Amino acid sequence: MKRSTPASSTSEVCEPTKKKRNYKERLPVLRTRMSPAGLYHFLHNEDSPLSEKQIQAIQEMGFGSLLLLQIKKVPGSLAYWLVSNYDPLKGCLLDGKLPILEEDIYLSLGLPMGPNVVIEASNGDKCPVYLSVLEKFKSQFSNDSIDVKDILAKLPTQKEGGDDFKRNFIIYIFSALLGGVVGNQASLKLLKSLANTDLISDFNWCNFIKRKLADQVQSWQKEEFETKQLKENWFGGPIMALVFVYLDRCVFK
């Protein structure tokens, strides 16, 4: 998941200026439930290792780069600084000096950047195809309120891969890691784009992540700075993507 070649439109690098810091003062830590821990443990579970068909399914969707994930958490203080300083309207850091483009997300995470736009269902969506997929998805679980932990528990049991595994994997990573969810419930609106699992790799997931990042940062900054409840608000956006892109783009001296 490392940048192999720099994007031509984002060739400039940022060289952070070192400043003396009083380490006796505790830095703010971002409060978020978006964590790579669950995915890490699923991918590296020695008691229930991934089957060849599960690995193949993940690769077919274009998410094979996540198989290389080696981190369980993101730096909380760095995450807080990034979310505080990200401009969700312009899509950049450091007053425009460090733009965060779809290409940067692609180069840092290695996720599909296909021609199709990821679409989520609207509230009360009556699309027959979506409702059919939603009903089938819910039939895997014992209740309608599906927690991300419920999906995480289901994934290791689906050794044959297949459509259910693919949908569960996508819903999990975008509910627990790369999407826009503040609480613990899974975001099932994404199922509208998962009717045909053979087309998952054709979607622009980097664009989707960038959109969710902008929405969640804007919402968090409004609560954090307008209400003055510093460090008390939960962030529900794709913080790992922002951290990866920032560390990938910057040159530290």
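Nine helices and four strands make up the chain, where helices (H or I, at least four residues) and strands (E, at least two) are DSSP runs numbered from the N terminus. Going along the sequence, the pattern reads β-α-α-α-β-β-α-α-α-α-α-β-α. This is a predicted model, so to speak of local features takes pLDDT of at least 70, side-chain atom pairs count only at pLDDT 80 or more, and totals for chains, interfaces and linings use all residues. Residues are numbered from 1 along each chain as its sequence is written, and side-chain values use heavy atoms, with hydrogens and water left out.

Of the 253 residues in the chain, 46% are buried (under 20% relative accessible area, with exposed being over 50% and partly exposed in between, using a 1.4 Å probe and protein chains only). As for contacts (heavy atoms within 4.5 Å), 80% of those with a separation of 6 or more link residues 24 or more positions apart.

Now for the core. In soluble globular proteins, nonpolar side chains tend to be buried together. Here the largest nonpolar core has 72 residues; such a core is a set of buried Ala, Val, Leu, Ile, Met, Phe, Trp, Tyr and Cys residues joined through side-chain atoms within 4.5 Å. F169 and I239 are among those with the most contacts inside it. Neighbours within four places in sequence aside, F169 touches L39, F42, I58, M61, F63, L66 and L155.

Two helix pairs are worth a look side by side. Axes are lines fitted to C-alpha atoms, for helices over the stretch in contact, and angles run from 0 to 180 degrees between N-to-C directions.

| Helix pair | Angle | Axes apart |
|---|---|---|
| α3 (residues 76–85) and α9 (residues 239–249) | about 90° | 10 Å |
| α5 (residues 128–138) and α7 | about 90° | 11 Å |

So α3 and α9 are roughly perpendicular (65 to 115 degrees; under 35 is roughly parallel, over 145 roughly antiparallel, the rest oblique). On the α3 side, L78, A79, W81, L82 and V83 meet I239, L242, V243, Y246 and L247 of α9. That contact has ten nonpolar residues, no polar and no charged (Ala, Val, Leu, Ile, Met, Phe, Trp, Tyr, Cys and Pro count as nonpolar, Asp, Glu, Lys and Arg as charged, and the others, Gly among them, as polar).

For α5 and α7, V133, K136 and F137 of α5 meet D164, R167, N168 and I171 of α7. The tally there is three nonpolar, one polar and three charged.

N168 sits in α7 (residues 162–176) and is buried, at 0% relative accessible area. Its side chain makes a polar contact with that of Q158 at 3.0 Å (N or O atoms within 3.5 Å; within protein, one must be able to donate a hydrogen and the other to accept it, and residues adjacent in sequence count only if both atoms are side-chain atoms).
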